[in-house]
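Visitor: I am new to this structure. Please show me how to read some of its features.

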Amino acid sequence: MKKIGVWLLVIMSICVFNWVSAAESIKIGCLFDLSGPAGHIGTPSKYVAEMAAARINEEGGVNGKKIVLVYGDSESDAGKAALQAKRLIEKEKVAALIGPTRTESAMAILNIVEKAGIPTIACVGGTPPVDPVRKWVFKSPQKTVTAVEKIYQYLQKKGIKQIAIITATDKFGEEGEKSLLKLANSYGITIKLTEKFDVKDSDMTVQLTKLKNTNAQALICWTIGPPGSIIAKNVKQLNFKIPLIQCHGLPDPKYLELAGTAAEGTIMPSTKLMIPEQLPDNDPQKKLILEFVNEYENVRKYGKVSTHSGYAWDAIMLVVNAMRLAGTTEPEQVRTAIENTKNFVSISGSYNMSPEDHCGLSVDSLVMVMVKDGKWKIID
């Protein structure tokens, strides 16, 4: 009987310890593509989330509580993203959700998040998750339309008025085409011809030949991942004499690796993360970005940063900042605090959220870069 009593005390102690530990921590769900075609984006996102959580906990956590990250692998699949979101919300009881990393996946979890009432900050480039504005959903990367505005402003400065467009047939490509077409007139730009390609295509020379035969002064491509490198190679193969402008999702070491010499001279909008040394000393992001890059590349040795690297950091920091301001993890109060975030300097820019804007990044958060000698160089 005494042995049974001792074991009961041990079991009760373990239960109390676990309960206290849970009460002293805050779970944040991280829904990333850790495998599949988008794994090269999701895996670094996990690394960055770990970096952010470590810094937060070293600084005392959130209102005295430690951050605990709980992961879900959406496997580059929208359906699996939905299943993982439900698991993180219903089983893991996370206080907030970070991710996913693809626009299609973000759209697939919208109803789940809205119904559950969980503050969610997606790490996707597409605009649809926050347009129209949803109560519980925000996003850390710039909107597609913001990147289009940056490109068109650059073209205006260069006196380029006629362009050709080639876009992927996926949701991200479709949104890029839509924004490019919608904003063209307001910037005095004429689109001579548009072409499309499937992201699984291994050659786009047929479409590009048609575009080359126009009198366009620049070619804009809207895609993400390996297809962007194929476009660059095909453009070089066809000996285009006009600049190739890629979208804001291509400033990535993988693009330089896959495109090789064909990347040379290509232009694209990017976050400042890719060129921190080239920023003026009075830039409010410079110090933070330099520290981020040093920890990512030199201390933790995760490899080279990409423009995607900062999105998970931004998302977690936005959530934590809101929890600190609200003084609680109560969902409604955290959501309201995120929505009222002002002048919050992070990796991808200075965030100014509002009930009308659940992204909060302006055109000024982007810079135009060119690949020169295999490196990123700021040109505007």
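Visitor: How many disulfides does the rule give here?

Guide: A disulfide is a covalent bond between the sulfur atoms of two cysteines. The rule asks for a pair of cysteine sulfur atoms within 2.5 Å, and by it the count is 0. This is a predicted model, where local features need pLDDT of at least 70, side-chain atom pairs count only at pLDDT 80 or more, and totals for chains, interfaces and linings use all residues. Residues are numbered from 1 along each chain as its sequence is written, and side-chain values use heavy atoms, leaving out hydrogens and water.

Visitor: Is C359 buried or exposed?

Guide: Buried means under 20% relative accessible area, exposed over 50%, and partly exposed in between, with a 1.4 Å probe and protein chains only. C359 is buried, at 0%, and C247 has a relative accessible area of 0% too. Of the 380 residues of the protein, 54% count as buried.

Visitor: In which sense do β6 and β7 pair?

Guide: Strands are DSSP runs of E, at least two residues, and helices are runs of H or I, at least four, numbered from the N terminus. Two strands pair if DSSP finds at least two bridges between them. Strand β6 (residues 162-168) pairs with β7 (residues 190-197) in the parallel sense, over 7 bridges. One of the residues involved, I166, has E195 in β7 as its bridge partner.
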